[in-house]
Structures are given as C-alpha cells and as structure tokens.
Amino acid sequence: MPDTTSEQPYLRIRDLTKTFGSFTALNGISFDVNEGEFVCFLGPSGCGKTTLLRAIAGLDVQTTGEIHQAGRDISALPPARRDFGIVFQSYALFPNLTISQNVAYGLENARMARAAVKQRVAELLDLVGLPDQGAKYPAQLSGGQQQRVALARALATSPGLLLLDEPLSALDAKVRVRLRHEVKSLQERLGVTTIMVTHDQEEALAMADRIVVMDHGVIEQYGTPVDIYRDPASLFVADFIGEINRLPGVVDGKDRVRVGAVSLACPTDPLREGQACTVVVRPEDMILVAAEDPDDSHDGFGAVVEEVEFLGAAWHLQLRCPDIGDRPLTVNVSTNRARSMNIREGMRLSLSFVTERLRAFAQGTDPR
C-alpha cells in the first residue's frame with residue numbers, strides 16, 4: 001500500500017451530486033484518494049459507482065460539487081483537458097487498427113515524434129506481456145489479451161490517474177483471476193493512482209488499497225479491505241462483502257446481546273438496552289468441536305449438522321443450534337478439519353463464536 005501520510009491527497013471529491021431529472025444518482029459524495037493508491041468503487045448494479053467514475057473523467061459532469069486532481073480544480077474541465085487514462089469493460093479497441101496502432105493512437109494525437117511513438121508502443125506492449133502482437137488486429141486476440149491492449153493504450157500518455165470501468169467482468173473466471181493479479185502488479189510497478197469500478201467483492205478485496213462501498217448514490221463505508229470485511233459500518237456492508245449469518249436478538253446490556261436462550265458478548269454501541277437488533281457472524285468465525293470429545297474444555301452450544309457441501313478447500317455446513325434459535329447457521333471449515341473430525345450429516349457438535357468478530361446492527365436496517 002502506498003504511503004498515505006502526505007498532507008495533500010492526489011484526488012479530492014467534495015459534495016458531489018448528480019441528478020438525472022428527478023432521479024439522484026449521486027448524493028453528496030466526498031472522499032480523498034492518495035497518490036499511488038488503488039481504490040475500488042464497489043456496490044450493486046445501479047448504486048452510482050460508474051456515474052461517479054464518469055464524473056471524475058468529465059464524461060458525465062456532476063450537477064453540483066467539486067473535483068480536485070493534484071491540486072487543480074478540474075470540476076468543469078472537458079475530458080480532453082483532464083489527466084487520466086481509461087479502460088472500459090468492452091475494451092473499445094479500434095477493430096480496423098493493428099494492436100500497435102491502437103496503443104499509439106493517443107500518442108499520435110499528441111503529435112509525438114514517430115520514432116518516439118514506435119519506442120513507447122514497444123515498451124508498453126512488453127510491459128503488458130504482448131511484445132510480439134503489435135502487427136495483429138484485435139479480433140485475432142483473446143479477450144484477456146484485448147484487455148491488456150486497452151490497458152497499454154490507457155497508459156500510453158503516462159496519465160496521472162488510471163480509471164478502470166469493470167475491466168475484467170467480460171472475461172471468464174480463470175482469466176479474470178490471473179489478469180487481476182497482473183493489473184495490480186503493473187499498477188504497483190508504475191505507481192499510477194488508480195480507481196476501478198467493480199461489483200465483484202472478491203476482486204475489490206484482492207486488488208484495492210481502499211474500497212468505497214456504495215449503495216443508492218451514497219458511500220456506505222470507505223476503508224481498507226480488512227477494515228470493511230472485519231468491521232462493517234452497516235448491515236448493508238456486512239451483507240454485501242462476503243457471507244454472513246443473521247441472528248435476531250435484543251441488546252442485553254452494555255456489550256451484551258441475547259440471541260435465543262443465549263447471552264453473547266458483542267459490541268452494542270450505539271444501540272440501547274432492550275433494542276431489537278440483528279447480530280452478524282461470518283461462517284468462518286465459529287468454532288466447532290465434536291460434542292462427545294471427552295478431552296475438550298470447549299464452552300459451546302449443542303448443534304446438529306443438517307447439510308454438508310464439499311467445496312474443495314473448504315466444507316460448507318448447515319447447522320441447527322436450538323439454543324441460538326430457529327434459523328440454520330452456515331459454518332465454513334477447512335477440508336482437513338472436516339476430515340479430522342469426520343463431519344457428516346446428523347452429527348452432533350459443540351459450537352461457539354469468535355466473540356470479537358460479532359457485530360450487532362439495529363433492526364429495520366436490513367437491506368433485504
């Protein structure tokens with residue numbers, strides 16, 4: 001992660017609002033991006049993330065608000081006068097131009113000398129792992145290769161800001177995983193400040209230094225992947241990032257929540273005693289031991305395995321725990337752990353929670 005101690009952020013967004021008639025796509029968006037940082041805009045379809053990216057690029061100018069890049073107010077500047085390169089989901093390569101001509105397009109428009117253009121194109125194609133593909137046309141390349149060409153073209157003029165609009169979503173799963181590592185590695189080597197729009201939570205967690213989680217035109221949370229995953233600011237964030245179990249409960253006092261017949265240690269601020277809440281726990285944040293294990297000092301609750309799903313590196317279990325309530329619990333355990341315990345349907349287990357991972361949210365904020 002880049003150094004974020006500098007006083008002046010590279011990109012400053014303040015009170016950005018965008019309306020289309022009576023519809024508000026962005027509502028008072030404010031955040032900073034530091035130089036060299038990789039930031040992801042993450043959220044469901046229609047949350048405003050692409051509108052926000054296009055506002056930064058000047059392709060859809062905001063209704064109100066300010067955008068500053070490297071200390072310069074670019075709020076009202078046309079795209080041609082802003083310092084960015086952009087990669088679209090559809091690649092947007094010129095089909096009638098060779099790969100080299102596609103990459104050279106922006107350089108030639110900038111009237112760079114022919115010899116310098118040729119050298120720069122060769123450098124970029126080598127940088128993205130396509131040194132021998134310059135004479136081919138886009139249709140002769142795979143989707144992953146075309147996206148690398150689009151990336152090379154966006155980087156050709158050495159922009160201060162790289163904008164990526166769901167650049168990997170059109171690729172198949174294996175290519176997408178491989179290319180996301182390549183894009184992140186390239187961004188780190190170049191040190192270019194990068195913003196990427198994605199609806200893929202795993203992609204955002206793997207690539208971003210910080211994530212802007214959006215919903216209905218507002219920012220729900222802005223933070224590091226670990227902070228957002230481990231300490232979600234809202235039930236929406238907890239639900240959207242990763243998988244959760246939802247347990248209806250009542251605040252039982254300071255940092256205590258009653259779920260079913262059980263009182264659990266759980267942070268309760270800003271909830272008040274007696275308030276109905278939803279307790280959230282992730283499937284990996286529960287501990288299982290065999291109920292009949294005589295050597296175990298585990299202080300847990302009785303549970304029965306109702307379903308077992310093998311997922312390769314992990315097992316996905318559905319448990320019924322009467323003390324906790326009627327809702328089944330989803331628990332993930334490693335394959336090695338499942339085998340060593342000989343986990344099977346109908347098996348009785350003892351279950352407990354990693355208490356520092358529990359989170360409680362007010363009822364009525366459920367996004368479903």
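Which residues line the second largest cavity? In this predicted model, local features need pLDDT of at least 70 and side-chain atom pairs count only at pLDDT 80 or more, while totals for chains, interfaces and linings use all residues. Residues are numbered from 1 along each chain as its sequence is written, and side-chain values use heavy atoms, with hydrogens and water left out.

The lining of the second largest cavity is made up of Val 87, Gln 147, Arg 148, Leu 151, Leu 164, Leu 179 and Val 183. A cavity here is a set of points, on a 1 Å grid over the protein atoms alone, where a 1.4 Å probe fits but cannot get out, and lining residues have an atom within 4 Å of a point. The space inside is about 50 Å³, a volume being the space filled by probe spheres set on the points, which are joined across faces, edges and corners. Helix H4 (143–155) and helix H5 (173–190) each supply at least two of the lining residues, and H4 gives the most, with 3 residues. Helices (H or I, at least four residues) and strands (E, at least two) are DSSP runs, numbered from the N terminus. By class, this lining has 5 nonpolar, 1 polar and 1 charged residues; Ala, Val, Leu, Ile, Met, Phe, Trp, Tyr, Cys and Pro count as nonpolar, Asp, Glu, Lys and Arg as charged, and the others, Gly among them, as polar.

Among the residues that line the largest cavity are Tyr 229, Arg 230, Val 280, Val 281 and Asp 285. Helix H7 (225–230) and strand E14 (276–281) are the elements that give two or more residues to this lining, which has 6 nonpolar, no polar and 5 charged residues.

Turning to open space, the largest pocket (an open set with protein on both sides within 12 Å along at least five of seven lines) has a volume of about 470 Å³. Of its 17 lining residues, Phe 84, Gly 85, Ile 86, Arg 153 and Ala 154 lie nearest the centre. Strand E6 (84–87), H2 and H4 each give two or more residues to the lining, with the largest share, 3 residues, coming from E6. The classes here are 11 nonpolar, 3 polar and 3 charged.
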